[in-house]
Amino acid sequence: MYRHLLVTVDGAPGGIDAVGHALELARALSARVTFVLSGTSPNAYLPGARMPEHGAKVEAAARAQGVSYAIAPAGGAPLPDLARVLGCDLICIAALPHGAPAGAGAQRRRLFAASGVPVLVCAASHSPAAARVIARCLDAHRAVAALLHALLRHAAHAGEPGPDAVACRRVLADLAGLQAQRFGAGEEARLFATLRARTESVEAELDELERQHRRDAQALDALARMASDAQPGAAFDAALARYARGVFEQMGREEGVIFPAARRYLSDADWTELDEGPAGRASD
């Protein structure tokens, strides 16, 4: 029985599926997980924190699943070598997407041939409708992340007059609108409601996410007031870092707990209805 899983994290849709799959497996086996953060760009790091965006996500997902975890940088070492150094007995990787370059396939085959540690390819199997719904939810996550990174770039000048302060207030307004859409009548809100109707297994997690969404809406309002009132840049920067970290952790809980549960409990008919949306139901 496997006791220590090594899981690669890169933020790609397939990688997100792999994280959810690996956490569910680790929970079932009472195993622990070490996440390897690969391909992290400098602007993925949050001010006031030492963990990149993807690290904040997987940390929150692991905590929500009750799985013991650690986070390690890739450091350029081959995965089998890293697994041996860390004492991992199973490597979990994402399935290659359709149309992946030939070089990626060749690299994958070399990994299978050379690894002395078993390798599990975490391939998500779901209907086309489910894939489209989840893809749109992840698109919304990426849109929020892009706005947050834009805010983080402007944060140092948020309390000063001039173009940066104006841009910061504009991005805050865009972010507030996007968050309100996501949790009002958006794809994620409808997905959560459907999941509640199908299972009680993640009810506590959904309740917690709702509390966090309300709390973060208040935090976003406070950020807007600070930007409008020209509060000191350092205070705005600290508040923004806390808000960004909270949002990335929420995304991690959704990607690592809620989306896998939805794939397990929702029927093809549920996914089709979600995919069609309110307009599709109105036309029936």
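Buried means under 20% relative accessible area, exposed means over 50%, and partly exposed lies in between (1.4 Å probe, protein chains only).

Before moving on, note that this is a predicted model, in which local features need pLDDT of at least 70 and side-chain atom pairs count only at pLDDT 80 or more, while totals for chains, interfaces and linings use all residues. Residues are numbered from 1 along each chain as its sequence is written, and side-chain values use heavy atoms, with hydrogens and water left out.

**Stop 1: the partner of Arg198**

Arg198 and Asp270 form a salt bridge, with their closest N and O atoms 2.8 Å apart. Arg198 is in helix α7 and Asp270 is in helix α10 (residues 268-282), so the pair ties together parts 72 residues apart in sequence. A salt bridge here is a side-chain nitrogen of Lys or Arg within 4 Å of a carboxyl oxygen of Asp or Glu. Helices (H or I, at least four residues) and strands (E, at least two) are DSSP runs, numbered from the N terminus. Is Asp270 buried or exposed? Asp270 is buried, with a relative accessible area of 5%.

**Stop 2: Arg196**

Select Arg196 and Asp207. They form a salt bridge, and the closest N and O atoms are 2.7 Å apart. Arg196 belongs to helix α7 (residues 187-198) and Asp207 to helix α8 (residues 203-228), so this pair ties together parts 11 residues apart in sequence. Arg196 is partly exposed at 29% relative accessibility, Asp207 at 27% and Glu210 at 38%.

**Stop 3: a network**

Select Arg132, Arg136, Glu187, Arg190 and Asp275, which are linked in a network of salt bridges. How many salt bridges does the structure hold? It holds 20.

**Stop 4: helix α4**

Select residues 102-114, helix α4.

Colour Gly105, Arg108 and Leu111, which are buried in α4. Seen down the axis, the buried residues fall within an arc of 115 degrees (taken from the directions from the helix axis to the C-beta atoms), so they line one face of the helix. An α-helix has 3.6 residues a turn, so residues three or four places apart point the same way.

Turn to the face away from the buried side. Exposed residues there include Gln107, Arg109 and Arg110. The buried residues of α4 pack against α3 (79-86), β4 (90-94) and β5 (119-122).

**Stop 5: the largest nonpolar core**

A nonpolar core is a set of buried Ala, Val, Leu, Ile, Met, Phe, Trp, Tyr and Cys residues joined through side-chain atoms within 4.5 Å. The largest one has 24 residues. Select Leu148, Leu151, Leu172, Leu175, Leu223 and Phe236, those with the most contacts inside this core. The elements giving two or more residues to the core are α5 (128-154), α6 (163-183), α8 and α9 (233-265). The largest share, 8 residues, comes from α9.

Finish on Leu175. Neighbours within four places in sequence aside, Leu175 is in contact (heavy atoms within 4.5 Å) with Val144, Leu147, Leu148, Leu151, Leu220 and Tyr243.

Definitions and conventions:
The expected span of a helix is 1.5 Å times one less than its number of residues.
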